[in-house]
Amino acid sequence: MNMNSIGTRFVIFAVISLNANAVFLTVQCKSEIVGQYGQQSLLQCVVEPIDKDTTIRVVTWRKEGVKRALLVFHEMETIQEPDFKFADPSWNNKNMNVSLLITNTEVANSGDYTCMVITDSGEGSSMVNLKVVAKYSEPVIHSIPKKITRTADGTLICDTDGGYPKGHIRWFVDGDWEWTKSSKMEAQQTQSGLFHLSSELTLLQGSIFSTYTCVVFNASGGKEAEHTFEVGPESSGIGGGTGMDSASKIVAPVVVIGSLIAGLLLVLLIYRKRSQRGHQEVCRCELEGDEDHPQRMDDRCQNLQV
């Protein structure tokens with residue numbers, strides 16, 4: 001075998017290999033998608049062929065870890081699992097938009113998806129990662145005992161639900177002074193995959209602050225919601241009402257009513273004394289005015305008799 005024969009065979013092999021590996025289309029997908037729990041999620045993929053008159057023969061959407069394909073288009077028929085469908089309701093084999101729509105996003109939908117497309121001019125595939133998130137509810141704080149005072153130990157418990165992925169709770173006292181180290185948090189994952197967070201903060205007598213703020217952060221460290229609990233000198237509760245204010249509202253009317261009653265009693269006593277004194281003077285004038293000298297009755301007695 002001479003060099004010319006070897007060279008000719010090498011050129012033929014290179015041409016065959018080039019044709020075998022030629023790329024006639026690409027599948028372009030958005031690599032990362034963030035989907036909201038309970039909402040629709042769109043996994044965007046578009047076929048970009050060299051030939052504009054390309055016809056799609058097969059489309060498959062699969063999720064890593066799931067044996068069964070979520071959507072399959074083959075021989076002009078589409079088979080799809082519940083909650084999965086083509087994003088374009090009027091999709092056909094001439095439509096290069098092969099995006100997948102998840103109609104009701106769940107925590108279990110998180111993961112990697114692969115879109116594979118076969119056309120009459122070649123094939124291609126691409127991968128999409130879906131990250132599912134859910135916002136935590138506004139936290140609720142309750143106390144043990146129900147009324148917190150500065151003169152006794154107590155406990156504050158902060159609860160929030162419905163978030164994903166796992167977040168965390170931090171405590172702040174009197175504004176921006178962090179007090180999280182004195183707390184203990186537990187996270188429970190529900191059947192839906194969402195998390196319930198509960199944080200317990202111990203309050204010690206002699207070191208109780210005026211306000212305690214429970215702040216909920218998501219897995220990325222973003223602040224989602226907060227709630228503030230206010231402690232009064234006598235009682236506790238949202239709004240910071242004090243026992244002294246309540247007592248004043250009760251005592252003030254009692255004092256007014258008591259004063260009115262005392263005034264009326266004093267008036268009656270004075271009236272009674274005056275009535276008794278007038279009666280005694282009338283009787284004395286009658287005794288002094290005997291039958292022999294009626295003219296000696298002075299003017300005062302005459303006025304009393306009248």
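**Strands, disulfides and a surface patch**

Tutor: In strand E13, the residue that stands opposite Ile141 is Cys158. This is a predicted model, in which local features need pLDDT of at least 70 and side-chain atom pairs count only at pLDDT 80 or more, while totals for chains, interfaces and linings use all residues. Residues are numbered from 1 along each chain as its sequence is written, and side-chain values use heavy atoms, with hydrogens and water left out.

Student: What makes E12 and E13 a pair of strands?

Tutor: Strands (E, at least two residues) and helices (H or I, at least four) are DSSP runs, numbered from the N terminus. Two strands pair if DSSP finds at least two bridges between them. E12 and E13 are joined by five bridges and run antiparallel, so they meet that rule. In general, strands of a sheet pair through backbone hydrogen bonds, either parallel or antiparallel.

Student: Why are E12 and E16 called edge strands?

Tutor: Their sheet is open and has four strands in the order E12-E13-E17-E16, with antiparallel pairing. Strand E12 (140-144) and strand E16 (183-189) each have a single partner strand, so one side of each is left without a neighbour in the sheet. From one strand to the next the twist averages 20°; such angles run from 0 to 180 degrees between N-to-C directions, with axes as lines fitted to C-alpha atoms, for helices over the stretch in contact. Within this sheet, strand E13 (residues 154-163) and strand E17 (residues 195-203) pair over eight bridges in the antiparallel sense, and Asp159 has Ser198 in E17 as its bridge partner.

Student: Which residues of E12 make up its covered face, and which its uncovered face?

Tutor: Ile141 and Ser143 belong to the covered face, whereas Val140, His142 and Ile144 belong to the uncovered one. In a regular strand the side chains alternate between the two faces of the sheet.

Student: How do you know that Cys158 and Cys214 form a disulfide?

Tutor: The rule asks for a pair of cysteine sulfur atoms within 2.5 Å. The sulfur atoms of Cys158 and Cys214 are 1.9 Å apart, so the pair qualifies. The torsion about their S-S bond is about -75°, so this disulfide is left-handed. Cys158 lies in strand E13 and Cys214 in strand E18 (residues 211-217), so the pair ties together parts that are 56 residues apart in sequence.

Student: How many disulfides does the rule give?

Tutor: The count comes to two. A second one joins Cys29 to Cys45, with an S to S distance of 1.8 Å. Its torsion about the S-S bond is about 115°, so the disulfide of Cys29 and Cys45 is right-handed. Cys29 lies in strand E1 (residues 25-29) and Cys45 in strand E4 (residues 45-49), so this pair ties together parts that are 16 residues apart in sequence.

Student: What makes Cys29 count as buried or exposed?

Tutor: Buried means under 20% relative accessible area, exposed means over 50%, and partly exposed lies in between (1.4 Å probe, protein chains only). Cys29 has 15% relative accessibility and therefore counts as buried. Cys45 is at 0% and is buried as well. Cys115 is buried too, with a relative accessible area of 0%.

Student: What makes Ile257, Ile261, Leu265 and Leu268 a patch?

Tutor: Patches are made of residues with over 30% relative accessible area and no salt bridge; like charges are joined within 9 Å, and nonpolar side chains (Val, Leu, Ile, Met, Phe, Trp, Tyr) within 5 Å. A salt bridge is a side-chain nitrogen of Lys or Arg within 4 Å of a carboxyl oxygen of Asp or Glu. Ile257, Ile261, Leu265 and Leu268 form a nonpolar patch on the surface, with about 410 Å² of accessible area together. Such areas come from the Shrake-Rupley method with a 1.4 Å probe, and for residues only the protein chains shown count as cover.
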